[in-house]
Amino acid sequence: LAAILLFAVLTRKARAASALRRAELLAVEEVPWSQFLRSIERKGAISEVLVSSSRYDFLMNGMRKYTVPAEVPGSLASKMLRSGVEWRRARPRASPASAVVW
């Protein structure tokens, strides 16, 4: 009986920790691509970068963030950064087919 109670308590704690971790991952804020580029030039502002094919996850000043890389020619990106222009990748428009729920 004691082993069953111990197992139940440990399982409950593990589920609570897992739920907290999922909540932390869902509470991620998107950062504009331009802000990410400016921040990587400041030492210590960005850390723990995880790169995937569609987005970059990272810590910015200790807080979990992500950005979606924008395909911008280097010369244009440099001009916009120097001018303080903020930009991000455009979100794809939803197609009528996306309204269909399977």
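# Briefing: a predicted protein model

Glu-29 forms a salt bridge with Lys-65, and their closest N and O atoms lie 2.6 Å apart. A salt bridge here is a side-chain nitrogen of Lys or Arg within 4 Å of a carboxyl oxygen of Asp or Glu. The pair ties distant parts of the chain: Glu-29 sits in strand E1 (residues 29-30) and Lys-65 in strand E4, 36 residues apart. This is a predicted model, in which local features need pLDDT of at least 70, side-chain atom pairs count only at pLDDT 80 or more, and totals for chains, interfaces and linings use all residues. Residues are numbered from 1 along each chain as its sequence is written, and side-chain values use heavy atoms, with hydrogens and water left out.

**Overall layout**

- The protein has three helices and four strands. Helices (H or I, at least four residues) and strands (E, at least two) are DSSP runs, numbered from the N terminus.
- Along the sequence, the order is α-β-α-β-β-β-α.
- Of the 102 residues, 23% count as buried. Buried means under 20% relative accessible area, exposed means over 50%, and partly exposed lies in between (1.4 Å probe, protein chains only).
- Take the contacts between residues at least 6 apart in sequence: 46% of them join residues at least 24 apart. Contact means heavy atoms within 4.5 Å.

**Confidence**

- Mean pLDDT is 76, and 65% of residues reach 70 or more. pLDDT is the predictor's confidence in each residue, from 0 to 100.
- Helix H1 (residues 2-26) has the lowest confidence, at a mean of 61, while E2 has the highest, at 92.
- Where pLDDT is low, the predicted coordinates should not be read in detail.

**The hairpin**

- Strands E2 (residues 46-51) and E3 (residues 56-60) run antiparallel, joined by four bridges. Two strands pair if DSSP finds at least two bridges between them.
- Four residues separate E2 and E3 in this hairpin.
- Val-51 has Tyr-56 of E3 as its bridge partner.

- Ser-39 has a relative accessible area of 2%, so Ser-39 is buried. Beyond its neighbours within four places in sequence, Ser-39 contacts Ala-45, Ile-46 and Met-60.
- The largest nonpolar core has eleven residues, including Trp-33, Phe-36, Leu-37, Phe-58, Met-60, Ala-77 and Met-80. Such a core is a set of buried Ala, Val, Leu, Ile, Met, Phe, Trp, Tyr and Cys residues joined through side-chain atoms within 4.5 Å.
- H2, E3 and H3 are the elements that give two or more residues to this core. H2 gives the most, with three.
- Ala-70 is also in the core. Leaving aside neighbours within four places in sequence, Ala-70 contacts Trp-33, Trp-87, Arg-88 and Arg-89.

**Salt bridges**

- The structure holds two salt bridges.
- Arg-55 and Asp-57 form a salt bridge, with closest N and O atoms 2.6 Å apart.
- Arg-55 is partly exposed at 28% relative accessibility, and Asp-57 is partly exposed at 21%.
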